[in-house]
Amino acid sequence: MSSARSFQVHGMHCASCAAIVEKTLRKQPGVAGAEVSYTAGTAKVNFKGTPARAEDLSSALKPLGYSLAEASPMPGGYDHSQMLKEAALAEELRRKVRVALPMALLSLAVMAWHTLAEFKAVPAMPAAVHSASEGLLALLATVSLFYVGQNYLSALRRFVRHGAANMDTLVGLGTGAAYVYSVVLLVLVGPLKNYLPAGEGYFDTTIIVIAFVTLGKYFEVRARLKTGEALQSLLGLQAKNARVLREGRETEVPVDEVRAGDLVVVKPGAKIPVDGEVTEGASHVDESLVTGEPVPVEKAPGAAVVAGTLNTTGTFTFRAIKVGGDTLLAHIIKLVGEAQASKAPVQSLADAIAAVFVPVVLVIAVAALVLWLLLGAGPLGFPLALAHGLSSFVCVLVIACPCALGLATPAAVTVGVGLGARSGILIKDAATLQKLGRVNAVVVDKTGTLTRGKPELVELRVMPGADDAAALGILAALEQKSEHPLARAIVAAAEQKQIALPAVSAFEALKGRGVRGTVGGVEYFAGSERLAREHGGILDNLNFDEETRQGRTPILLGSARGLLAVAFVADAPKESAADAVAKLQAQGIRIIMLTGDSERTARYIAQRVGIDEVAAHALPADKLAKIQELQAQGLVVAMAGDGVNDAPALAQADVGLAMGDGADAAIETAGVTLLHGDISKLAQAVTLSRHTMRIIKQNLFWAFAFNVLGIPLAAGVFYPWFGWLLSPMFAGLAMAFSSVTVVTNALRLKTLKL
């Protein structure tokens with residue numbers, strides 16, 4: 001029996017660290033697979049047979065500089081401790097940058113003086129100043145390597161002992177080699193003057209490369225923190241306390257002590273602590289940070305409220321229904337956290353390359369040094385060939401760091417999933433996010449997806465001389481005592497219009513036909529045409545064929561005096577349905593409606609929202625078969641539905657989209673959940689996916705191009721023809737710039753208008 005657990009991973013400093021951790025975990029006994037995310041700092045481990053202990057897994061990683069910790073059981077199952085560690089790492093890097101940058105600027109000033117003096121632009125450096133600058137650079141390089149660059153040296157030691165190499169290993173090896181060479185040159189320049197190049201060595205290289213790389217890491221960590229802002233804001237929505245009615249008194253308790261069934265009081269300006277249903281009072285609640293909708297929603301008795309949303313005006317009491325990890329907010333946090341930590345299929349190529357990239361780079365760097373010595377010693381002389389060879393060795397190690405490659409996909413996924421969550425679009429994992437952009441056919445259910453999913457009073461026709469409010473009041477008074485599903489629509493309409501309902505006596509439910517009762521001394525009936533005829537209702541010249549074709553059900557109100565009014569009840573299309581369909585069609589997506597409803601009703605609703613392809617009387621098996629048929633045609637199919645009967649089709653579709661106000665089975669099966677059943681978010685979800693994939697492809701292109709073009713230049717391949725050589729300082733700056741560029745490009749998604 002297989003199982004899976006999530007862990008926090010500590011000690012990862014670069015994208016290639018994730019590949020090392022993942023590879024090591026997969027080798028452990030009892031582990032079937034592992035998926036490690038550098039951006040989220042998490043590892044999802046799948047076990048087989050007897051699961052390996054967390055302590056054993058952590059012990060296997062410890063010699064490599066990493067460790068595992070159990071994810072904290074926060075509401076929603078997501079641990080935000082990684083964000084705190086990222087913030088602490090950003091602070092540590094900031095302190096080191098404050099030390100490294102002044103040293104780098106001083107080193108650049110010395111270098112600039114020497115360079116300008118060679119071109120006679122400034123006087124040569126006096127001998128005393130020159131000697132002092134040598135000693136100063138040696139001192140600064142020592143501080144830079146052993147304080148600012150201690151992580152790089154630690155990575156180098158682990159590589160020597162265990163053979164595990166990451167980005168820090170490359171930087172440590174390059175700057176360490178430059179430092180050791182420079183010390184040898186400084187101390188032994190006399191005895192070895194015929195074999196070593198003239199000059200001060202590469203102390204400035206050590207100083208500047210470490211400064212630039214550390215600065216790049218600092219910017220990268222800060223940018224990564226910004227990619228997780230959406231999740232941080234969701235975590236910040238959780239209320240810490242709640243005011244609960246206990247023994248008739250309001251008592252403030254921690255939110256984790258609220259139990260289902262408790263009555264919770266919410267004051268103006270307070271966060272709603274758990275999910276529930278309003279029992280008393282009224283207000284408007286700002287649900288924007290959960291649903292993306294900016295307008296506060298009116299709440300009255302019977303209305304649902306969601307944890308994390310903000311009460312704006314009135315005071316109300318609600319009964320807690322879902323608490324702790326069962327709330328919608330907890331569910332959102334869990335989904336977003338898991339999705340941001342998951343891997344998109346497009347990342348597989350980058351991971352495969354990153355896994356072998358570091359060893360290959362080491363080979364290339366050594367080969368560059370050896371070839372410079374073998375091929376360059378003759379025409380250039382050994383000292384200059386050694387200088388160029390060492391410079392190329394350092395450049396290759398520094399510029400080839402695969403950090404940008406490892407960040408290209410997860411940075412964009414993190415921002416994309418977070419933006420979706422802020423807009424009311426919950427995406428289960430990165431694979432779904434990727435597939436959604438390739439969707440070219442969408443199958444939609446009718447009831448609850450395109451329509452509101454519950455009957456509503458859509459029209460009331462009163463006979464000449466009758467009063468609208470009075471007629472609706474009498475009809476609602478009768479239907480208030482009925483158990484028929486359509487009765488609630490009539491009562492809700494009267495409540496919305498704040499119509500006082502008269503008293504009803506001698507009430508009788510007439511099975512399959514309607515109801516009757518006495519109001520104000522007059523006996524009224526309400527129900528079907530058959531019931532009206534039984535009571536002698538005048539139905540001449542009344543024809544409801546057109547209305548029934550539109551899916552409207554007529555409810556006739558009358559008495560012995562004649563017909564008083566006709567109410568039409570229907571499951572009306574959502575306001576956003578037609579616009580959503582039009583936007584999807586504009587994106588080149590084929591729309592098909594599948595519904596179990598009648599052909600007439602299905603055709604009418606399809607016409608209202610702009611859908612041409614309709615299949616009615618569809619059972620769950622029919623919906624599943626239709627999805628399979630479309631897939632057999634080579635289409636990438638998304639299925640949008642809200643009911644339990646949609647679950648098989650949702651699972652079969654390439655992407656399942658569930659309405660957030662639908663059944664839990666549909667939500668759990670689907671890859672995407674549209675909060676509050678807002679069908680307009682479907683087109684937004686496709687837009688989000690396509691833009692995210694565009695960013696990922698841009699990132700991967702530039703990361704690949706950077707390394708493919710940068711390594712030959714750094715190795716000196718172009719020197720014999722063009723005289724091109726890359727300075728190690730520029731290599732460090734370019735490497736840092738590439739990582740920051742990739743993350744910054746991903747952050748552009750935050751400006752996307754969905």
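Buried here means under 20% relative accessible area, exposed means over 50%, and partly exposed is what falls in between, with a 1.4 Å probe and protein chains only. Helices (H or I, at least four residues) and strands (E, at least two) are DSSP runs numbered from the N terminus.

What you have open is a predicted model, where local features need pLDDT of at least 70, side-chain atom pairs count only at pLDDT 80 or more, and totals for chains, interfaces and linings use all residues. Residues are numbered from 1 along each chain as its sequence is written, and side-chain values use heavy atoms, with hydrogens and water left out.

**Stop 1: helix α2**

Select residues 54-61, helix α2; Ala54, Leu57, Ser58 and Leu61 are buried there. Why do they sit on the same side of α2? Because they cover an arc of only 95° around the axis, taking the directions from the helix axis to the C-beta atoms. As background, an α-helix has 3.6 residues a turn, so residues three or four places apart point the same way.

**Stop 2: the whole protein**

Zoom out. The protein comes to 27 helices and 26 strands, and of its 754 residues, 52% count as buried. For contacts (heavy atoms within 4.5 Å), take pairs at least 6 apart in sequence: 70% of them join residues at least 24 apart.

**Stop 3: a cavity**

On a 1 Å grid over the protein atoms alone, a cavity is a set of points where a 1.4 Å probe fits but cannot get out, and lining residues have an atom within 4 Å of a point. Grid points are joined across faces, edges and corners, and a volume is the space filled by probe spheres set on the points. The structure holds 2 cavities of 30 Å³ or more.

Of its 14 lining residues, select His13, Leu89, Leu93, Asn151 and Lys217, which lie nearest the centre. Helices α3 (81-118), α5 (150-162) and α7 (203-227) are the elements that give two or more residues to this lining. Which element supplies the largest share of the lining? That is α7, with 5 residues.

**Stop 4: Ser391**

Pick Ser391, in helix α12 (residues 382-399). Ser391 counts as buried because its relative accessibility is 13%. Not counting residues up to four places away in sequence, Ser391 touches Tyr202, Leu726 and Pro728.

**Stop 5: around β17**

Start with Gln498, in the loop between α17 (487-496) and β17. Its phi is near 55°, a positive value in a residue other than glycine, and at 74% relative accessibility Gln498 counts as exposed. Next comes Ala506, within strand β17, which also has a positive phi, about 50°. Ala506 counts as exposed too, at 62%. For context, most residues other than glycine have a negative phi.

Move on to Arg513, in the loop between β17 (505-510) and β18 (514-519). Is Arg513 buried or partly exposed? Partly exposed, at 24% relative accessible area. Draw a distance from its C-alpha to that of Gly527, 14 residues along the chain, and you get 5.6 Å. Leaving aside neighbours within four places, the contacts of Arg513 include Ser528, Arg530 and Glu534.

**Stop 6: helix α21**

Finish on residues 599-609, helix α21, whose buried residues include Tyr604, Ile605 and Val609. The buried residues of α21 pack against α15 (446-450), α19 (545-549), α20 (577-586), β22 (590-594) and β23 (613-615). Just after the helix, Gly610 takes a positive phi of about 95°.

Methods
1 Å grid on protein atoms, 1.4 Å probe; cavity = no way out; pocket = protein on both sides within 12 Å on 5 of 7 lines; lining within 4 Å.
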